[in-house]
Amino acid sequence: MIIEETLIDLETDGTTKEEVIRHLAELAQSQGRIQDIEDYIKAVLHRETEYSTAMGFGIAIPHGKTAAVTEPFLCFAKVRSIDWKALDGGLVDLVFMIGVPENAGNEHLKILASISRKLMKEEFRSGLREAGSSSELMQFLLNSDLGIG
Amino acid sequence: MKTGEFIIAFEEGLHARPAAELVRVCNNVKSDIIMAKDGMTIDPKSILGIMALGAAKGDKVSVEVSGEDEDEVFSKISSFFSESQG
């Protein structure tokens, strides 16, 4: 699975985009998905400087494709409202972060597309916000049939 | 109504900066725009919609523009895709 319970944090303390990205990267590293955490964070932040990964509806999907990633992963965090420099100017309270190895082809596009299709639906977004624990959220994702292994 | 098909030439596919640029092109216009790929249709005025399309390099997308400024909007969208051809 690209996401698992240990890659989910519903009580993230970070108050900035940088803090949240680092926190999620640490989760991925602790699960052996990232080899060089600084390299991964650098790749994600570089992308953020080119354009914001805030997608509207209070959701951001930062992502990095780099050799620092050993195994594709998807992390999730609920955060306190953060200014993610969104195109719509809105604050972000839900973050999905993706990591894929450099040689993963279009894997990150597929993951992005799959999550985005779900996020277009109001009931999916409210399901994410209503989950009370990591295990509940994991179960919700499994039941939602994200279409990614 | 104006319709057309375009091949994605962006190295990274239709995401990242090109996706943000397409959203910018499609917003603040009067026409309705529909984009489709493999039977999935989305509104390219939304970045989430464009991401949901998951268009990789080499994929073909179709575009339909209808409204009072359709000629101008379709021409802008055509330029957006043709510039990506390098």
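Which residues does Ile77(B) touch, not counting residues up to four places away in sequence? In this predicted model, they are Phe6(B), Val25(B), Cys26(B), Ile33(B), Val63(B) and Val65(B), where contact means heavy atoms within 4.5 Å. Local features require pLDDT of at least 70 and side-chain atom pairs pLDDT 80 or more, whereas totals for chains, interfaces and linings use all residues; side-chain values use heavy atoms, without hydrogens and water. Residues are numbered from 1 along each chain as its sequence is written, and chains are lettered from A in the order in which they are written.

Ile77(B) is placed in helix α3 (residues 70–83) of chain B; helices (H or I, at least four residues) and strands (E, at least two) are DSSP runs numbered from the N terminus. With a relative accessible area of 1%, Ile77(B) is buried, a class that means under 20% relative accessible area, with exposed over 50% and partly exposed in between (1.4 Å probe, protein chains only). Together with Leu74(A) and Phe81(B), Ile77(B) touches the most other members of the largest nonpolar core, which has 80 residues. Such a core is a set of buried Ala, Val, Leu, Ile, Met, Phe, Trp, Tyr and Cys residues joined through side-chain atoms within 4.5 Å. In soluble globular proteins, nonpolar side chains tend to be buried together.

The interface comes next. Chain A and chain B each contribute 17 residues to the contact. The area buried between them is about 1400 Å², 72% of it from carbon and sulfur atoms; buried area is the accessible area (1.4 Å probe) that two parts lose on being put together, summed over both. In chain A, Tyr51(A), Met55(A) and Leu109(A) lose the most area to chain B, together 35% of what that side buries.

Two salt bridges are counted between chain A and chain B, each requiring a side-chain nitrogen of Lys or Arg within 4 Å of a carboxyl oxygen of Asp or Glu. Arg47(A) and Glu12(B) meet through their side chains in a salt bridge at 3.0 Å, N to O. On the side of chain A that touches chain B, α2 (37–50), β2 (54–56) and α3 (107–119) of chain A each supply at least two residues. The most come from α3(A), with seven residues.

Over all chains, the count comes to 16 salt bridges. Glu38(A) forms one with Arg22(A), the closest N and O atoms being 3.0 Å apart. This pair links distant parts of the chain, Glu38(A) being in helix α2 and Arg22(A) in helix α1 of chain A, 16 residues apart. Glu38(A) is partly exposed at 43% relative accessibility, and Arg22(A) is partly exposed at 33%.

In chain B, Asp59(B) forms a salt bridge with Lys37(B), with 3.6 Å between the closest N and O atoms. Asp59(B) lies in the loop between α2 (47–53) and β4 (60–66) of chain B and Lys37(B) in strand β2 (residues 32–37), so the pair ties together parts that are 22 residues apart in sequence. Asp59(B) is partly exposed at 24% relative accessibility, whereas Lys37(B) is buried at 11%. Lys37(B), Asp38(B) and Asp59(B) are linked in a network of salt bridges.
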